[in-house]
Number of protein chains: 2
Amino acid sequence: MTRVLVVGADAAGMSAAHQALRTARKNGRELSVTVLERGHHTSYSACGIPYWMAGDVDDPGDLVARSAHEHLASGLDLRMGTEVVAVDTAARTATVANGEVFAYDELVVATGAPAVLPDWALRPDGTAYAGVGTVKTLDDGGAWLERFEEAGPGAHVVVVGAGYVGVEVAEAALRRGLGVTVLTRTRGMGMLEDEMSDLVNQALVDAGVELVLGAEVTGLELDGDRVTGVRWDGGTRDADLVVVSVGVRPATDFLRGTDVPLTEGGALRPDPHGRVADGVWAAGDCCEVRRRIDDAWVFRPLGTHANKHGRALGDSLAGGSLSFEGMTDTSITRFAAGGQYVEIARTGLSRKDAEAAGLDPVVLVTEGSTASGYMPEADPVAIWVMADRATRRLLGVQLVGGRGAGKRVDAAAAVLWHGGTVDDLAWMDLAYAPPFATAWDVLQVAARRVAERI
Amino acid sequence: MTRVLVVGADAAGMSAAHQALRTARKNGRELSVTVLERGHHTSYSACGIPYWMAGDVDDPGDLVARSAHEHLASGLDLRMGTEVVAVDTAARTATVANGEVFAYDELVVATGAPAVLPDWALRPDGTAYAGVGTVKTLDDGGAWLERFEEAGPGAHVVVVGAGYVGVEVAEAALRRGLGVTVLTRTRGMGMLEDEMSDLVNQALVDAGVELVLGAEVTGLELDGDRVTGVRWDGGTRDADLVVVSVGVRPATDFLRGTDVPLTEGGALRPDPHGRVADGVWAAGDCCEVRRRIDDAWVFRPLGTHANKHGRALGDSLAGGSLSFEGMTDTSITRFAAGGQYVEIARTGLSRKDAEAAGLDPVVLVTEGSTASGYMPEADPVAIWVMADRATRRLLGVQLVGGRGAGKRVDAAAAVLWHGGTVDDLAWMDLAYAPPFATAWDVLQVAARRVAERI
């Protein structure tokens, strides 16, 4: 009987746990799986929390894909509120906060990446000031709903950070009738090229968001321990609430001092089967992922990678051969509030990535339409396409546009997955009918224009 | 000076003509282009006509991508109302209906494929009975708008044929307040597998369409020369109007007797550059296209192929190297009327195609959601996935579902284009955020389930 100990009961951990049991059953292997979760929830959708805050989701239970009860029913041993504080990889034991020691044969690290709270957000006791918080856990979501309710319409929210979560929270707050300021150290939406992030910025501003670019937050204004404003290097803003969405950090402190290698940022780098060291496996937000296009390790804490890598890990753990062969750096969101609606998507390298990889990128932004121009479904879309001059290889695609723009990125992601060229993207057989596309899909017009410039 | 004579001024012909001029300019070649069009319109969207009939488009001029005037401005010689009736490929001349003879160096056949009217629809003089017609040209569209107007709400339309056009016309008629019967010889939507076409049939019926499957039309009921009903092998139906959408046929009669090879159905089979014979080129609906997956020639008269092949042809004609490397049999439409909304898409082989190619297909239908289940955007979708048992190669994907279902087919089309496996589809990096997908995109869940069965 192989004893598998999984640390963390969200997407990666639970995908691994269930797949390990399935594969073991199929292969006739004896396997026991124990899952330790330091929080109070399993398998919840962190990505759904902004939509719960916005009012799209009524019951936070809807964000839970599988409850602890459901997990237990499939033969797992699941311990909630149980935090691993130390691991001895030689003895193959894990010690939890209350001192209990778990012996294992195989350890699966799926501890995720909690949201970062900078020093300026913290009271001397290390907790956030009243009215200040992050957006990561179900508890965070519940706290924000209470704060929104308490503050009431017309109250003002400052969102620090303009990544995916920042933009999604700005949408939620506007839709709840709150005033919104977004502060970002960068030009906004740092995962997009400047010319594309400008389009998102415009939508935010048009929706009534006060957007401050290049703003480094230096501290809070306080009334007692309650926030009343935010200071940055260029100004101040009164605020009833402050949402901090400046990133996440791998929860791997308990591995420091073991032989499990960590990056400077504390991330793990598992192989396609999830192995990180002898008897130790990892997947999900505590890991970096391999980007196929330039074979680079990057930190992309996204549920879709966590699910895939977790599943491959679980299968491999039980003698299967599934593997997670990296990703192409695809992501998507939208901003829908204040009369604005934009879908935002990207896949592949940034221009900076391409130059760092020694490539010679050819880049162009094309404007077009999501449907035939005469159809009511036609919405404008801007598409940034980058290809390599020497090999014509497609390197990256970014889209900002109306309904139907965003998921077009998937066709480009498929070309990147296969190492295809910008000509493949331009000439392959995408679906056309007037409500859905122009006769040359706008993605293909954009690719063709880049192809013509090489 | 090379004299290029293009026959047909729609998607393929005009793509070829303009690209030939552009490439010639770039390459410093002397080229004159004359275009002969037997009709009165250039470069119009036949695909848009059902939406004009439905009321989405007010001005038929919106369906014209480029008018004759605009074409002339780019240096073409364009003759409207000029039908080629004979070609002498040895002498390199084309004779038009009024007897005029055009000498050419290179002939481009882009004559398209007019809609078929069966004998039962025709008066002794060869024209359709009053109230009966097809849906192909702008003139057809205008005639239908007049007939709809004249018949008034509550009138009854019988649509013969349940392909893309049949379903789109059923939508248009319902949205105009007409009663609709659809008769089809098959199970409906013959380009879909039965289990998928059943879903479309259900939507039609739920929208109030009277749908008769397996009905072979045998004749019309007439009052004088005006239709009053339709007879088929199993019954009759009173009708004020009869839309015939049973297919199209290549307009290549003027090539019979020349050395240009035609298929039994009268289609041309151009190479990737558009060549069909010495000095003769062809593209668009008068041609078959090569399906990459099984290397089969198939008749798929679609604007997207016409545009691509026309462009490659025009470039090649003027010394360029663009080529149309076939297609993967992708298509899409929707049915949106009577409270129903379904998107319908397919790419790749049918089960019958796969078996004819000697493959051993593994097939499964998966039901899922277009967005995370807790989001208001979540709509049901059914996905049919087929892969080859021996090689795991993806062979085909079909989708029927709500908003956002249809264009998902593009990601599958990209995998087919690259000759990828069902595992590529299952594991590649598709975009995830709650308004757009589940963490494993439903397309990937469907692919994974097939992968697990191989």
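This is a predicted model: local features need pLDDT of at least 70, side-chain atom pairs count only at pLDDT 80 or more; totals for chains, interfaces and linings use all residues.
**Chain A: domains and one interface**

In chain A, the secondary structure comes to 11 helices and 24 strands, where helices (H or I, at least four residues) and strands (E, at least two) are DSSP runs, numbered from the N terminus. Residues are numbered from 1 along each chain as its sequence is written, chains are lettered from A and ligands numbered from 1 in the order in which they are written, and side-chain values use heavy atoms, with hydrogens and water left out.

The domain assignment gives domain 1 (2–113 + 249–317), domain 2 (119–244) and domain 3 (341–453), with bounds that come from an automatic or database assignment.

Turning to domains 1 and 2 of chain A, their centres, taken over C-alpha atoms, are separated by 30 Å, and 16 residues of domain 1 are in contact with 16 residues of domain 2, contact meaning heavy atoms within 4.5 Å. The area buried between these two domains is about 1,500 Å², of which carbon and sulfur atoms give 64%; buried area is the accessible area (1.4 Å probe) that two parts lose on being put together, summed over both.

Between domain 1 and domain 2 of chain A there are two salt bridges, each a side-chain nitrogen of Lys or Arg within 4 Å of a carboxyl oxygen of Asp or Glu. As for a named pair, A:D285 and A:K136 meet through their side chains in a salt bridge (3.4 Å, N to O).
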